[in-house]
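Let's take a quick tour of some charged side chains and the partners they pair up with. Have a look at the model first, then read on.

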Amino acid sequence: MNSKTIAKNTVFLYIRMFFTMGVTLYTSRIILNTLGVEDYGIYSVVGGIITLFGFFNSAMTSATQRFLSFDIGKNDSEQLKKTFNATLNIHIIIGLLILVLAETFGLWFVNNTLNLPAERMTAVNWVYQFSIFTFFLGIIQVPYDALIIAREKMGIYAIMSFVEVILKLIIVYLLVIFSFDKLILYAGLLFLVAFIIRMSHKIYCKRYYSESRYQFYFEKELYHKLIAYSGWNLFGNIASVARGQGINVILNLFFGTVLNATYGITLQVQSAVSLFVTNFQMAVNPQVIKNYAQGNIEQSKKLIFQSSKFSYFLMLIIVCPILFNIDFILKIWLNNPPQYTSIFVTLCLIGLLIDCISGPLMTGAQATGNIKWYQIIVGILIFLNLPLAYLLLKIYNKPELIYYISITISIVSLIFRLRFVKKTIGLSITNFMTTVILRIFLVTLLSIIGFLFLNKFITLSNEWLLFFAKSFSLILIVIFNIAFLGCNENEKRFIQKILHLIK
């Protein structure tokens with residue numbers, strides 16, 4: 001394991017994360033106040049319609065990252081050049097296909113099916129068009145992002161993210177000072193930012209990576225492998241989109257745009273908090289695939305074990321203070337949060353804790369290239385979120401049920417992922433349960449018990465002091481339990497390398 005590279009890239013990505021998360025949470029509050037709950041809900045659900053078509057792109061994104069990392073692991077520069085150009089061609093075709101779908105079926109659905117205010121339909125259609133072209137730019141940017149990540153140049157990736165976040169911060173300022181329809185202005189400015197970032201990634205890759213310079217290649221076998229692999233990913237990504245933006249549409253049908261605003265805020269929190277794990281996994285995943293490509297199967301399995309455990313611990317450190325202070329945080333952040341925000345965020349974060357364990361298992365499955373039955377089984381499980389949510393909302397009319405369903409399915413999916421990775425690369429479920437799940441359970445249980453005991457003695461009248469006292473003590477308890485119960489000696493040395501780089 002190239003632990004020094006992983007440690008260095010982890011530091012870069014976490015610097016990026018803290019900056020991005022801070023600005024995102026700040027701007028979310030300003031945007032909600034500036035647009036208002038109704039317009040914020042409109043943007044959430046209308047933008048979500050475009051994301052529904054994103055399963056084509058998401059499927060190919062996984063294939064792009066896997067095959068580029070695999071070719072780099074094989075040290076095959078000629079094949080890498082062919083793979084990059086093939087993936088770029090495919091992404092352009094996907095983008096054009098989504099444009100057609102969005103301008104036909106999607107446009108009809110927005111104007112004839114969604115529960116939207118009649119007086120805002122002009123703004124709705126402007127937002128929809130800007131969202132389409134913003135999404136298109138994101139699609140054709142994927143091969144460049146994937147190349148930077150496969151090359152493990154996380155410092156550059158972090159710098160480009162800083163630029164994007166600063167531009168989005170400028171958007172907030174422009175929303176406040178201009179009197180033009182703010183919903184339309186917001187969507188238009190996001191499109192402009194997407195264009196700037198897309199060109200920046202392209203220019204950087206073309207300057208430093210010769211394989212990114214476009215040449216048309218057509219090898220039937222290569223396209224067949226890419227499309228076959230992404231085809232099975234497509235099935236799984238349709239299910240993921242159904243769980244994410246499909247639920248947003250169902251909430252709109254049952255409860256209107258106010259619940260879409262709540263769901264949109266929850267997705268903001270989910271996106272910000274999940275960065276704690278996705279950044280770490282982004283640093284590790286190329287190593288998992290490269291080691292597999294080189295035949296170092298045991299090393300890949302070791303990385304999967306460590307990544308699953310560390311992912312959960314990183315998430316636990318940030319999630320615990322949020323869960324135990326949720327009402328105070330929402331009050332300070334949003335002033336007057338929409339109805340159900342507290343329960344939505346709480347259940348969403350519990351679901352994230354479960355899902356983050358599965359991320360490295362998914363990378364292990366993708367490294368093999370043999371993902372047909374993995375995507376069929378897990379995809380069906382995840383897709384069940386949609387019909388089950390519709391059915392239970394029809395019966396009980398309680399919006400928080402969508403997250404109870406999601407948590408249950410996440411647990412079942414984790415079990416099936418373990419069984420699949422055992423079959424494909426020989427990962428031991430028994431070892432995973434004892435070295436990962438058992439340690440996770442002990443750290444979580446003892447952290448909660450320790451905090452509940454200590455909390456009896458924290459009696460401060462000032463809300464801010466109480467918040468900091470509870471959060472600080474909880475973080476210390478979690479870190480203490482991770483250090484003494486969660487990690488073996490090798491893992492402690494890896495953490496020390498990260499801390500040494502920070503110093």
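Glu 298 and Lys 301 sit three residues apart in helix H9 (residues 297-324), so about one helical turn separates them. Helices here are DSSP runs (H or I, at least four residues), numbered from the N terminus. Keep in mind that this is a predicted model: local features need pLDDT of at least 70, side-chain atom pairs count only at pLDDT 80 or more, and totals for chains, interfaces and linings use all residues. Residues are numbered from 1 along each chain as its sequence is written, and side-chain values use heavy atoms, with hydrogens and water left out.

**Pairs within a helix**
- Glu 298 and Lys 301 meet in a salt bridge (2.9 Å, N to O), meaning a side-chain nitrogen of Lys or Arg within 4 Å of a carboxyl oxygen of Asp or Glu.
- Glu 298 is exposed at 57% relative accessibility, while Lys 301 is buried at 13%; buried means under 20% relative accessible area, exposed over 50%, and partly exposed in between (1.4 Å probe, protein chains only).
- Over in helix H5, Glu 164 and Lys 168 are four residues apart, again about one helical turn, and their side chains form a salt bridge at 3.5 Å, N to O.
- Both count as partly exposed: Glu 164 at 28% and Lys 168 at 36%.

- Arg 120 and Asp 181 form a salt bridge, with their closest N and O atoms 2.9 Å apart.
- This pair links distant parts of the chain, 61 residues apart.
- Arg 120 is buried at 15%, whereas Asp 181 is partly exposed at 24%.

**The whole set**
- The structure holds five salt bridges.

Note on methods. Helix = DSSP H or I, 4+ residues; strand = E, 2+ residues; numbered from the N terminus.
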